[in-house]
Every structure is written in C-alpha cells, then in structure tokens.
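Good morning, colleagues. Please take a moment to look at the sequence and the model on the screen, and I shall then go through the side-chain pairs.

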Amino acid sequence: MTLAIVLAADAPAASLSTRAGEPLADRLAAQLRRAGADEVRRAADLGELAALVDAATGPVLVTGVDLVAHTAVLRHLATSPVGPTVALVLTDPPGHGRTAVREERGQVVEAGPPEALNGDATGIFGGALRVGVDDLPSLAAAARAAAAGMLPAGAPSAAAPPVAGPAVDRLFAGLTGLGVLTFAHRVRLLVARRVTDPAGLADAEAAVAAVDEDRAELRLSVKERDDFFTTFFVSTWSPYVTKASARLGLGPTAVTMISVAFAVAAAVLFGVGGRPALVAGAVLLYLGFVLDCVDGQLARYTRHFSAWGGWLDTMADRAKEYVVYAGLGYGATQAGFRYGWALAIAAMTLQTVRHMTDTWYGVLHDEAARRPKAVGAGGGGIGDKLNAASNRVQADTGSVSYWLKRTVVFPIGERWALIALTVALFGPLVSLYAVLAWGVLAFAYTGALRTLRARWMWVPVLDTVDATLHRDDGPLARLLPVVRPMGPLTLAVVAASGPAALLVAALVAADGDGADGLRWAVPVALLVLLVGGLGAGAAHNGPLDWLVPAALRAGEYLFAIAVGVVGDVPAWLVFGYVFVLTLHHYDLTARLEKRQSAPPLHGVTLGWEGRSVLLALAAIVGIAGIGMATLGTYLLVVFVGSVVLAWVVLPARATRASVGLAGAGGRSPG
C-alpha cells in the first residue's frame with residue numbers, strides 16, 4: 001500500500017490556486033491518486049509528516065505543495081524500478097532555499113545548500129520523492145530533525161548544513177545526510193516545476209498544457225542512452241511496436257517470450273544452412289532483437305515493472321544469445337568444419353566471463369559513487385586521468401568519440417547485428433569467428449581500462465555482499481584452509497591456470513593420437529583448480545577482488561571443457577553442460593542486480609568445486625560423457641525447481657499467509 005503525503009508547511013505556494021480555481025494542494029492530491037497512491041494525506045508540518053510515516057506499512061510518496069507537473073512525472077517517480085528510494089531532480093539553476101544535489105551514476109551522493117556543494121551541483125531537488133519501506137525510519141528521523149533545524153542524529157559531521165527553505169527541501173537534505181541510498185529521477189520531455197507566485201504558476205501550467213503527455217511517455221519508453229545499432233536501427237521505429245503491443249493488451253513478459261521464439265527459430269535456420277535459410281534466420285534474429293527492446297519499452301510505457309519481469313528479461317537475453325551460438329555451431333559443423341561446436345563453446349564462455357566482469361564492475365562503480373571521498377584517495381595518477389576522460393566522453397553524447405566508446409565494448413545490439421550480417425553474407429563459421437575476434441578485443445580493452453580505474457578507486461565490493469554466494473562456493477571450499485597472504489584473486493587466477501593448461505594440452509593431443517592418454521592429468525588440474533577455494537574465507541577487500549567471481553567462472557568452465565575433450569565427450573553435450581552452468585551463474589548475477597537473496601535451492605548446487613570434483617571422478621573412471629550428462633541434468637532440474645519455488649510457490653505461500661493474518665486480525669471473538 002502506497003501512502004502519499006502532500007507537505008503544505010511554510011511554502012509560499014500553499015495559498016496559490018490553479019487556473020481551474022482549486023488550491024494547488026488539492027490538484028496535487030488528485031494527481032497522486034491517479035499516479036497510483038492508495039491513500040493521500042496532507043501534513044501541516046514536518047512533525048505531522050513524521051507521525052504519518054511512523055504508521056506507514058508501504059512505500060511513501062512525499063511532495064511539497066509548490067510542485068506543478070504532469071501526472072506522468074509523479075507516476076514515473078512512484079513506479080521507478082531503479083531503487084526503493086528515488087528523488088525527483090530538476091535541471092533548474094539552484095536558488096535560495098532550494099536543495100542542490102550532486103549525482104553520480106544516477107545516485108544522489110550529496111545534497112545541501114548550493115554553496116555547500118562548491119559548484120559541483122548537477123541539479124536541484126524537485127520537491128518530490130518516493131521512500132522505500134526500509135528507509136522509512138530514516139525519513140521520520142530526518143523529518144523530526146528538520147523540524148528542529150538540526151542535522152539528523154547519525155548524520156556524519158561532514159554532512160551539509162541544514163537547508164533554510166521549504167520544509168520538503170529540509171526533509172530531503174536531512175534524509176540524504178543520513179546516508180540513505182537515493183536514486184535520481186530526471187524529467188525528460190515532460191514538465192515539472194516548482195513555483196512560488198501566481199506568475200510562475202501560470203507559466204508552469206502553460207508549459208504542462210503544451211506537452212502531449214501520452215506521446216511524451218511513448219518517447220520516454222526508449223532508453224535515453226543506448227548503443228549505436230539500437231539507437232539508429234531499432235529505436236527509430238520500435239516505439240510504434242510498443243504502442244501496438246499496448247493496444248493489443250500484450251504485457252512485457254509476453255513480448256519477451258515472443259522474442260525468445262524468434263531467436264530459437266533463427267538458431268534452427270542457422271543450423272539448417274543454405275542461403276535462403278541463413279538470410280531468413282538473420283531477419284528473424286533482427287526482429288527478435290527489436291522485440292527484445294520492445295519488452296523493456298513496453299514496461300516503461302505501461303509502468304508494469306516486477307522483479308519477475310526483470311529477472312526473466314535478464315535470463316532470456318542470455319539464453320537467446322547462447323541458443324543462437326548453438327545454431328551457429330551446429331550449422332558450421334554440418335557445413336564440414338570440424339570445430340564448429342568448439343567455436344560456439346568458446347563464444348559462450350568468453351561472453352559469460354565478460355558479463356561477470358561487467359556486472360561486478362558496475363557494482364564497483366556504484367559503490368564508488370556512494371563513497372565519493374574514497375575515490376580520490378589514490379592520489380590521482382593514470383586511473384584518475386582515465387576516469388576523467390571517460391566522464392568527458394560520456395557527457396559528450398552524440399560525438400564520434402562517444403559512439404566509438406559505446407560500440408567498441410561490443411554490446412548486445414552490436415553482437416546481434418554482427419551475427420545477422422555475417423551469417424547472411426558468409427555463413428555460420430565466419431559469424432562465430434567474427435563474434436570471437438571482436439569479443440576478445442572488447443574484453444582486452446575493457447579489462448585493461450577497468451583494472452587501471454579500479455586500482456585508482458580502491459573500493460571493495462565483494463565485502464559488501466555475501467561473497468560465498470557470489471563466488472558460488474560449495475561445502476568443500478568452506479572446509480579448505482584459508483591462505484590470506486596471496487589474496488583471493490591471485491588464488492582464483494592460479495586456479496584457472498590449471499584447467500587452461502589441461503585444455504591446451506588436450507586440444508593439441510586431440511589433433512594427434514587422441515586426448516584419452518591425458519586422463520592422469522585431470523586430477524592434477526583439479527588440484528590446481530581447488531587452489532581457488534583457499535581464498536574462500538579471506539577478506540575480499542582488494543582493489544581488484546571484484547574480478548574473483550569471473551576468474552572462478554572461467555576456471556570451472558575451462559575445467560569442464562577440458563574434461564570433455566579428454567573424455568571424448570560429444571561437443572554438443574559439452575556445450576549443453578556449460579550452458580546450464582551459465583544459467584545458474586546468471587541467476588546469481590540477476591539477483592545481485594535486483595538486490596534479491598540467494599535462489600531457494602542454491603545449497604544443493606554443490607558449488608563450483610563440488611561439481612568439478614564429480615566431473616573429474618567421472619573422467620578418471622572413463623565415463624566422462626555419462627557424468628557430464630547426469631550432472632548437467634541434475635543442475636537443470638535444480639535450476640527449474642528453484643525458479644518455480646522463487647517465483648510461484650513461495651510468493652503464493654506469502655500471499656496466503658498475509659491473507660490469513662488479515663483475516664485473523666479482523667475476526668471478532670466467538
């Protein structure tokens with residue numbers, strides 16, 4: 001249940017009336033109801049607001065009485081999926097009594113009087129915010145402190161002094177001073193203004209009336225910043241598909257599933273081969289990617305966000321891509337190339353490890369934004385220069401350097417475009433080579449630059465989460481002794497080197513008399529791999545320890561592939577096993593991005609080291625294929641069971657329990 005509070009305290013606009021003759025506070029209350037608030041209350045002062053917040057059981061929307069905006073602005077703020085606590089931020093110049101804000105990567109990292117930000121302000125507070133349930137105690141504390149003209153208890157001594165202005169500004173400055181993670185919600189295309197007099201009110205109302213709200217919302221459904229191919233070859237017409245989907249009553253999940261069907265059909269055509277099939281597959285792949293963009297646009301347009309939809313979108317994107325790799329691998333093999341499946345396995349492994357580094361670098365950057373003073377602790381240097389250069393390029397939207405930076409990292413749009421173009425013109429083999437070549441270059445480029453910037457930031461991130469979960473450690477790793485001097489990253493890299501050496505040796509041997517004679521080397525590679533478990537209990541607080549999950553993923557995948565080559569396992573089966581592993585690991589990263597807990601059945605997935613031990617035993621006794629098929633099937637069943645539990649069974653139980661408690665609470669004694 002969402003509670004909306006109109007704070008009418010000491011604002012000059014409290015006595016203003018709209019063009020229709022109603023008080024501005026009354027119109028705001030009506031807009032908040034249309035924006036989705038279940039209950040709208042008014043607070044005469046900050047003390048009354050604190051009392052209302054104390055009694056709230058769901059998210060709280062707070063607005064000042066001086067806000068003139070499209071209803072869509074309030075609806076977008078109320079439904080924003082970026083985080084539980086979100087503030088409206090405007091680009092208006094800072095004025096007296098307004099709270100200036102400085103944001104990084106969409107997070108408000110500092111708020112206070114304009115002079116306290118030393119000219120670093122990136123906007124001003126827009127007079128409205130949504131506060132998540134977990135942050136409500138901080139909101140109440142900030143309200144009481146602001147009412148007394150003091151900093152909230154618990155605010156750091158370096159916090160900006162209280163703002164002398166409207167109550168809603170003082171409230172927001174106090175909330176930020178408590179360190180509450182607050183995301184910035186910017187207004188594009190729509191109108192939001194804070195007014196203080198009748199002339200300003202009239203101008204703001206005229207600006208609101210001049211904008212077609214629905215048309216603006218449709219344009220807003222497209223990401224503000226996207227990749228080159230998506231921006232110029234998809235987003236130019238995908239909003240029309242979004243509008244049609246909304247009129248047909250399709251939801252984002254339905255569009256996601258249609259895009260999956262298109263990708264699967266394209267993969268089948270790539271496997272069939274022949275020029276007509278390859279061209280048709282390329283067209284379907286492009287259309288599937290368009291729908292992949294449309295599902296997100298539809299969610300933003302209709303404001304239908306859910307944890308399930310976000311999780312499904314992430315998982316479907318990766319599953320579609322790897323199914324396409326499978327189709328290319330099969331097609332190349334059928335065309336007479338011996339190592340078609342091997343290239344597909346390599347492409348999938350490379351892309352997954354890249355994604356793991358992308359995810360954790362994003363977590364690192366977000367954590368650095370929350371601790372701005374720690375970012376400069378390294379004393380400058382090349383990392384500082386790279387960070388400044390990157391920020392300049394990102395700010396210069398539309399420039400050649402901006403688009404080069406967006407393209408060279410090989411994002412999803414460029415990958416789909418490259419696959420579609422090369423497979424239609426040259427065939428599956430060239431397509432796989434192209435994906436691998438660009439992927440390796442992008443990995444080297446991003447890896448080098450991010451390593452330098454991370455060393456400069458020196459912000460630990462694995463220590464802020466459950467490191468055991470995101471390392472994917474099993475029972476065996478937790479039993480191993482801890483080797484602290486080397487550090488968990490060094491141990492993880494050493495661990496991956498053993499399987500890598502075995503794989504190289506196995507591939508060389510496979511070109512000769514066969515790799516079966518290397519079965520004796522499997523336990524040696526396993527022992528080297530298990531070195532990664534010696535860092536499980538160590539502190540993951542090094543500047544590069546965000547790379548540990550990716551290094552462990554690489555070690556496990558390389559070991560599984562090496563066992564497959566040594567054990568003469570069919571390449572398609574090796575691909576299938578690694579594919580199931582990627583689903584398991586993407587499930588973990590998707591939950592990290594959505595701030596969710598571990599999957600329900602995570603404890604029975606055995607951990608990276610447990611799975612590797614079982615594969616090694618199967619290879620040693622000569623049943624590597626049977627072992628891989630059995631273990632892969634087991635993991636797939638566990639994954640599906642975990643999905644059903646997490647998204648169907650447990651939510652249904654929670655709903656029944658809440659209904660039961662409500663019924664019991666309302667039942668009169670017999």
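Predicted model: local features only at pLDDT ≥ 70, side-chain atom pairs only at ≥ 80, totals over all residues.

Let me begin with a definition: a salt bridge is a side-chain nitrogen of Lys or Arg within 4 Å of a carboxyl oxygen of Asp or Glu. In these terms, a network of salt bridges links D66, R98, D169 and R194. Residues are numbered from 1 along each chain as its sequence is written, and side-chain values use heavy atoms, with hydrogens and water left out.

The count of salt bridges comes to 24. One of them joins the side chains of R186 and E103, at 2.6 Å from N to O. This pair links distant parts of the chain, with R186 in strand β9 (residues 182-186) and E103 in strand β6 (residues 100-104), 83 residues apart. Strands here are DSSP runs of E with at least two residues, and helices are runs of H or I with at least four, numbered from the N terminus. For accessibility, buried means under 20% relative accessible area, exposed over 50%, and partly exposed in between, with a 1.4 Å probe and protein chains only. R186 is partly exposed at 28%, whereas E103 is buried at 17%.

Next, please turn to E321. Which residue forms a salt bridge with E321, with the closest N and O atoms 3.3 Å apart? That residue is R318. Both lie in helix α12 (residues 307-334), three residues apart, about one turn of the helix. E321 also meets R415 in a salt bridge of 2.7 Å, N to O. Here the link is between distant parts of the chain: R415 belongs to helix α17 (residues 412-425), 94 residues from E321. R318 and E321 are buried, and R415 is buried as well.

Located in the loop between β8 (123-131) and α4 (136-147), D135 is buried yet has no salt bridge. The nearest side chain of opposite charge, R130, is 8.8 Å away; Lys and Arg count as positive and Asp and Glu as negative, with His and the chain ends not counted. Leaving aside residues up to four places away in sequence, D135 touches T85, V180 and L181, contact meaning heavy atoms within 4.5 Å.

I now come to the aromatic rings. Rings of Phe, Tyr and Trp (its six-membered ring) pair if their centres lie within 6.5 Å; planes under 30 degrees apart count as stacked, over 60 as edge-to-face and the rest as tilted. The count comes to 21 aromatic pairs. Among them, F229 and F233 are stacked, at 5.3 Å centre to centre and 20° between the planes. These two residues are separated by about one helical turn because they stand four residues apart in helix α8 (residues 228-233). F229 is buried at 15%, and F233 is partly exposed at 42%. F229 also pairs with F289: the centres are 6.2 Å apart and the planes at 40°, so this pair is tilted. F289 lies in helix α11 (residues 275-302), 60 residues from F229, and is buried at 3%. Ring pairs link F228, F229, F232, F233, W237, Y286, F289, Y402 and W403 into a cluster.

Finally, Y402 and W403 take us to helix α16 (residues 400-408), where they are buried, as are R406 and T407. Seen down the axis, the buried residues of α16 fall within an arc of 120°, so they line one face of the helix; the arc is that of the directions from the helix axis to the C-beta atoms. On the other side of α16, V400 and L404 are exposed.
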